[in-house]
Every structure is written in C-alpha cells, then in structure tokens.
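Trainee: Could you walk me through this one slowly, so that I can follow along?
Mentor: Gladly, so let us look at it together.

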There are 2 protein chains.
Amino acid sequence: MPAETAVQDTRLGKHGLRMKDVAARAGVSVMTVSRALSTPEKVSGDTLRRVQAAVDAVLYVPNGLAGNLSSRRSKAVGVIVPGINNSLYSGMIEAVSATLRAQGYHLMIADSGLSLENEEKAITSFLAQRVCGLILHNTQHTRKARNLISNIGVPTIEVGNLVERPIDLCVSYSNFDAAKAMTVHLGRLGYRRIAFVSLALANNDRARKRRDGFLAGLRELGISADSCLSMEAESGLHGGADAIKRIAKTAPSIEAVFFSADVMAVGALLECQRRGWGVPSKFAISSFDDVDLLRHVSPMITTLQIPRAEIGRKSAELLLARVQNRSTLPKVVDLGFDIIQREST
Amino acid sequence: MPAETAVQDTRLGKHGLRMKDVAARAGVSVMTVSRALSTPEKVSGDTLRRVQAAVDAVLYVPNGLAGNLSSRRSKAVGVIVPGINNSLYSGMIEAVSATLRAQGYHLMIADSGLSLENEEKAITSFLAQRVCGLILHNTQHTRKARNLISNIGVPTIEVGNLVERPIDLCVSYSNFDAAKAMTVHLGRLGYRRIAFVSLALANNDRARKRRDGFLAGLRELGISADSCLSMEAESGLHGGADAIKRIAKTAPSIEAVFFSADVMAVGALLECQRRGWGVPSKFAISSFDDVDLLRHVSPMITTLQIPRAEIGRKSAELLLARVQNRSTLPKVVDLGFDIIQREST
DNA sequence: GCGCAGCGTGATATCGATAACATCATTTGG
DNA sequence: CCAAATGATGTTATCGATATCACGCTGCGC
C-alpha cells in the first residue's frame with residue numbers, strides 16, 4: 001500500500017560556521033580554538049571555558065576534512081566484507097565498530113560480494129578517502145590491490161583465513177585446521193563415509209582451505225577419499241536441504257555430512273525431519289560456525305565455534321596499535337576454534 | 001589454540017604522491033590532471049591518454065579529503081542503525097550499500113545500540129566528516145541531534161517508522177498499521193485471546209507503535225484487552241522460548257501469540273515442539289518480519305513481510321536525489337507491508 | 001639582577017585538491 | 001574578413017583546519 005506525500009521546499013538551511021567565527025565569538029585566535037578542541041590540556045582553564053561556551057552556543061562542528069588534510073592523519077578505518085547481510089561478517093563488523101568507536105575512530109564499509117574487482121574498487125575508494133587503516137575479510141586480492149596497499153603503506157589487517165605472507169598483518173583462525181579437526185572428530189566418532197558440503201569454491205579461498213582440510217582429515221584417518229564425497233551447494237537453508245536430497249539420491253551409503261558454511265546444516269536437518277530420516281541415525285550432521293540457531297533445533301547440531309567477535313575486536317585493536325605505531329606487533333594472530341559436540345553426531 | 005609470530009619492522013612505505021607529481025610526469029598542469037580525472041570530457045584525447053598513463057604508472061590515488069574540502073562536496077553517506085549484527089538492519093544496509101556504490105558514493109556506518117546519546121555522538125561525528133547525507137534507522141532523537149541536523153541542513157532520511165513531521169524525509173512502513181493488521185488477521189481467523197510479545201519498549205518507538213497497533217487491532221475486533229496480554233521479552237530464540245513458557249504458566253487460556261520482533265517466534269515454536277504442544281492447536285504463532293527461517297520450520301510461521309531491501313534502496317535513492325537537488329521529492333514514503341498466512345495460525 | 005625554561009597564545013605557512021577566471025588558438029558566421 | 005564564440009589549458013585564490021615557530025610573561029636558580 002505505497003503512498004507518497006508531496007513537499008515543495010527541498011531546501012534546508014546551509015552550512016557555514018568556521019573555526020574563525022567561533023574564535024571571534026570567544027575573543028581568541030583560531031589556534032586557541034583548535035587547541036581547545038583537540039588538546040584541551042594546552043589551554044588555560046578560563047579560555048577553555050570561553051571557547052566551549054562559544055562552541056555550544058553556535059553548535060559548531062569542526063570540519064574534519066580540513067583537519068585531516070592539514071594534519072595528514074585520519075580516524076577512519078575501511079572494512080571490506082563479502083556481504084553485509086550475513087551474520088558471520090556482521091558479527092565481526094559489530095565488534096570492530098564497538099572497538100573503533102571506543103577510541104574515537106570511524107568505520108567505512110564496503111561490500112565486495114566476493115568479487116576481487118569490487119574489492120579493488122573499494123580499496124581504491126578507501127585509499128582516496130585517506131583511511132588510516134584497512135580490514136579486509138578476504139586474503140585473495142588482485143595484483144593491483146596488493147600494490148596499491150603496499151605502495152601507500154596503509155596498515156592493513158587480513159581476516160578470514162590464516163595466510164603465510166600477509167600484506168601486513170593477519171588475524172584469523174585456520175580454515176584448514178578447523179575443517180581437518182572436524183573431519184577427524186567425525187572419524188573418531190566412528191563415521192567412515194563422510195560427505196563434505198561447501199559453498200562454491202571459485203573465488204573463495206576460505207572454502208578451498210576447508211575442503212583441503214577435509215581431505216587432510218580423511219588422510220589422517222586412513223579413509224580413502226573414494227568412499228567419501230565433496231560437493232558444493234548454494235547458501236542458505238535451501239542449499240542445505242537441497243544437498244541432503246542429492247546425497248540421499250546419489251550416495252545413500254554416506255553416514256555423516258559436514259556442512260562447511262553458513263546455516264546449511266539447519267536446512268539439511270529440517271529436510272531430514274520433513275522426510276522422517278533420523279539424525280544422527282541415518283545421517284549425522286555437523287556444521288561450521290556456531291550460529292545461535294544450531295543450539296535451538298532438536299537434535300542440537302555439532303559445530304565448530306569460530307571466535308567471530310573476538311576476531312573483530314582483535315583486528316581493530318591490532319590495527320589501531322599499528323596506526324599509533326606501537327612497538328612490535330605480531331604479524332599473524334591465530335585465534336583458534338573449538339569443536340562443540342552436540343546431539344546431531 | 002592461539003599463537004603469535006613476532007615481527008620486527010612495523011614500518012611500511014609512506015605516502016606522498018600528489019597531483020603535482022603526476023602533472024609533471026605527464027607534462028601538464030595540475031588543473032589538467034584534475035580535469036582528466038573528474039571531467040575527462042573537458043580534456044583532449046591526447047592529453048587524457050598521457051595523464052592516464054602517468055596515473056597508472058605511479059598508481060596515483062587522488063586525495064579525496066583535499067578534493068572534498070576544496071569543492072565543499074563529499075560523496076560519503078552516514079548510516080546509523082541500532083545494531084549491525086541483526087538481519088533486519090543489515091538487510092537494509094546491504095541494499096543501501098549497493099545503491100550508493102552504483103553511484104560512486106561511500107558508506108559510513110555507526111551502531112547506536114538503541115541509545116539516543118550514542119546516536120547523537122555518531123551524528124556529530126558524521127557531520128564533522130562532512131557526509132553529504134544521513135540515513136537514521138530511528139525516528140526518535142535527542143533535541144541536540146535534531147538541532148544539529150537542521151542547523152547544518154544535511155539531507156536526512158529517517159527509517160523504521162512512519163513519522164508525521166520528519167526532520168527531512170522519511171521512508172518506511174507503518175509499525176502501527178502492520179501490527180494492527182496482523183492482530184485483526186488473527187482475530188478474523190477466530191482467535192480471541194491473543195498475546196502480544198515485543199522487545200523492551202523503552203527507547204524503542206517502533207516497538208511502542210507496534211504495541212499501540214496491537215491494541216487498536218483488538219479494539220477494531222471488539223475484543224477486550226483484559227482477555228489478552230501484552231508482554232516484553234528478550235531478543236533471540238531464547239527470548240521467544242522464554243516468553244511461551246511464561247504464557248503457558250501465567251495465562252494458559254491464550255490461543256494465539258503475536259511475536260512482534262526478531263526471530264522470537266521461531267524460538268517459541270521450537271520450545272512448543274520440545275514440550276509436545278501443538279502449533280497452532282495449542283498456541284497459534286505469528287511473527288513480524290519475514291526472516292528466511294520462518295519458511296523453513298515446520299509448521300511454517302505466519303508473518304508480516306517488511307520490504308527491508310526495498311526500504312534501503314529507496315532511502316538511498318531518495319537521499320541521492322535530495323543531495324543532487326532534484327526537483328520535488330515526496331516527504332514521506334510509505335512502502336507498506338504484506339501479511340503472509342502460513343501453517344502456524 | 002639576569003638568563004633561561006616553561007607556559008599560554010598568536011601569526012603565518014601549509015596540507016592537496018578545485019573554482020573561477022585568464023589566456024591563447026581555432027572556429028564560426030554574417 | 002573580422003568579431004565573437006568555442007575549446008583546451010594554465011594561473012591564482014581558496015577551502016578550513018593544523019604545524020611550526022615566534023612572542024610575551026612568569027618564576028626560579030645562581
């Protein structure tokens with residue numbers, strides 16, 4: 001039932017207060033106003049009060065563009081994620097946001113949609129805005145993107161995968177180790193015919209690392225990959241449901257299914273219930289990343305817990321430490337993971 | 001299993017390429033470079049090529065701070081939401097992000113956590129960065145926040161609730177109408193004893209409008225509020241489960257429960273199943289906002305569909321139209337909603 | 001009593017781009 | 001054929017802050 005109401009005057013007030021005006025009002029020079037706002041301890045108590053009164057009286061908001069240009073510093077951090085509407089990323093972003101805000105920094109966000117070209121454009125745009133640092137939720141980049149970053153030398157945190165030679169710093173868990181650990185976990189529980197379901201591997205090094213970890217896990221268990229299965233599925237509940245149907249049709253001897261991303265495992269579980277298949281009796285199901293939901297279905301789903309918020313917090317902290325040039329910093333931080341054994345396996 | 005690897009040299013390259021350098025390299029003046037980058041049609045084909053070659057050769061990235069300061073324009077939009085890690089908001093943000101990116105604008109995000117003081121701080125910080133526009137997912141603000149915005153006259157879209165006198169423009173659906181419509185819908189299905197469950201009403205005008213809509217719905221149905229119930233619950237699956245337990249204990253005669261936010265309805269459904277209570281036979285359940293999940297549980301849950309992405313897209317479009325000073329714009333846009341009747345009611 | 005450090009303040013240059021106007025060559029048209 | 005229009009480029013002032021250095025005043029030591 002859309003409806004629109006017309007309006008005549010689209011004009012609002014206009015800009016215009018400069019530090020000069022505040023200075024005149026307070027009877028001091030602009031430098032004194034500048035100091036009062038950014039380094040109040042360098043201004044005498046009396047002047048400080050007069051300046052603040054003037055600022056409040058006219059609702060003065062300093063021009064950060066001019067300030068940043070002049071000081072050649074900025075307090076903006078650019079974050080690039082493959083998708084904003086995805087709790088894996090948005091959970092990290094929220095933690096980044098909180099950490100930055102606590103230190104007076106701003107957050108700029110871009111959504112790359114898993115495209116390296118979009119990432120490069122976003123990086124360029126952030127560098128043009130002279131962000132003081134970058135957080136990239138991706139560890140693959142175009143050649144030009146890497147060159148831009150290292151040419152300009154902007155502090156950068158790569159997130160989402162442990163990488164051996166980061167552009168600058170890296171904060172993550174190991175997708176390989178995590179997927180391998182879960183595979184071995186399933187093997188130890190007695191499952192031998194294990195299927196691995198992931199998102200599309202193209203342009204997604206995280207997904208590939210997980211697949212590699214799965215294969216390494218099989219090797220460690222002494223299971224031949226022939227008796228197992230590795231497949232791709234679409235994201236979302238739908239993708240999981242679809243995957244389990246395909247498995248039942250083409251490889252009914254599979255005993256356990258390891259969903260390596262997203263909420264696919266829940267979709268699969270719901271599909272099993274719809275069809276009256278027991279979990280874990282017909283198919284054991286395990287997941288990757290501890291979304292709230294996994295704990296609230298019945299049976300509760302075994303999963304890997306990834307410290308999303310911790311990754312966001314640590315990334316932001318490390319970035320700010322780097323920006324503020326604090327002593328020696330770790331180049332790669334591995335925040336680990338945990339396997340949470342529940343009822344579905 | 002955290003582990004850290006030390007690094008000695010925290011220094012990377014340093015900044016330093018100015019338009020001047022590119023100009024020298026291309027053998028032209030800085031103005032020509034500036035034109036080549038922002039209005040290429042004003043530069044002859046030959047010079048344009050030389051400038052582009054120089055830009056590419058040194059990976060020059062123009063300083064947007066300086067450009068914005070000089071031109072007194074910027075292409076950054078500030079968005080403030082109550083929480084980033086919440087698909088209601090992140091769905092909207094994603095649409096905003098896509099629309100802005102398509103037109104070459106940037107996105108700055110702040111998380112107010114439903115606190116008006118935080119919102120005010122974020123607004124101040126965005127204004128200091130001289131954003132060209134604001135999108136506020138909230139229609140309540142501190143007095144100072146309103147004053148700042150109207151003093152400076154920055155284009156602003158309020159989202160999340162239809163408001164009669166917006167600061168500038170408003171894009172939303174009506175929480176009141178939506179909650180009322182769902183209440184009436186339940187009444188028409190034959191339910192008379194209806195419970196309304198919402199998030200905390202404090203500092204949340206959307207939640208209050210929904211409660212008011214619920215009460216108005218009851219009046220329209222001719223149902224006395226005494227036979228019904230209005231309560232608050234925590235967010236998340238947990239909150240819904242908790243709410244249904246409280247209702248069963250204190251008001252077992254309730255026939256239908258309308259969860260007015262979040263994924264609470266799913267939590268409630270799962271809790272009912274855990275206890276063997278039939279849905280909708282013991283409790284009918286309806287929800288607000290069509291999250292994917294509602295369609296994938298069994299029984300599928302009746303809900304209100306809010307055009308989140310549409311709201312984001314329209315907000316961004318309208319904001320850009322306003323920024324670019326296009327003719328007459330609607331002051332309030334109501335994007336409506338739909339009731340989706342499914343199995344749970 | 002003099003020199004000198006330290007503090008609060010102000011004057012001026014500067015950050016790196018764009019706006020506005022100036023310049024020169026080339027068309028255009030009556 | 002010359003005035004005026006057009007197009008490509010350069011010159012200079014400016015955006016609104018901060019950096020840097022200079023200045024006057026106070027207090028302290030010797």
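Mentor: Helices (H or I, at least four residues) and strands (E, at least two) are DSSP runs, numbered from the N terminus. This is a predicted model, in which local features need pLDDT of at least 70 and side-chain atom pairs count only at pLDDT 80 or more, while totals for chains, interfaces and linings use all residues. Residues are numbered from 1 along each chain as its sequence is written, and chains are lettered from A and ligands numbered from 1 in the order in which they are written.

Trainee: Where is A:Arg72, and what is its phi?
Mentor: A:Arg72 sits in the loop between helix 4 and strand 2 (76–81) of chain A, and its phi is near 55 degrees, a positive value in a residue other than glycine. Most residues other than glycine have a negative phi, and most peptide bonds are trans.

Trainee: And which peptide bond is cis around A:Pro280?
Mentor: The bond from A:Val279 to A:Pro280 is cis, with omega near 10 degrees, and A:Pro280 lies in the loop between helix 11 (264–275) and strand 10 (284–288) of chain A. In chain B, a cis peptide bond joins B:Ser298 and B:Pro299, with omega about 0 degrees.

Trainee: How many residues does each chain bring to the contact between A and B?
Mentor: If two residues are in contact when their C-beta atoms, placed from the backbone, lie within 7 Å, chain A gives 72 residues and chain B gives 72 residues.

Trainee: What rotation superposes the two copies?
Mentor: With least-squares superposition on the C-alpha atoms of residues with pLDDT of at least 70 in both copies, a rotation of 180 degrees with 0.0 Å of shift along its axis superposes chain A on chain B (RMSD 0.1 Å). The two copies are therefore related as by a two-fold rotation axis. The same surface serves both copies, since 100% of the contact residues of chain A recur in chain B. Of the residues of chain A, A:Met108 comes closest to the axis, at 2.1 Å (C-alpha).

Trainee: Last topic, what is the strand order in the sheet?
Mentor: Taking two strands as paired if DSSP finds at least two bridges between them, chain A has an open sheet of 6 strands in the order 8-7-9-10-11-13, with mixed pairing. Strand 8 (229–232) and strand 13 (338–340) of chain A are the edge strands, each pairing on one side only. Strand 11 (residues 302–305) and strand 13 of chain A pair in the antiparallel sense over 3 bridges, and A:Thr303 has A:Ile340 in strand 13 as its bridge partner.
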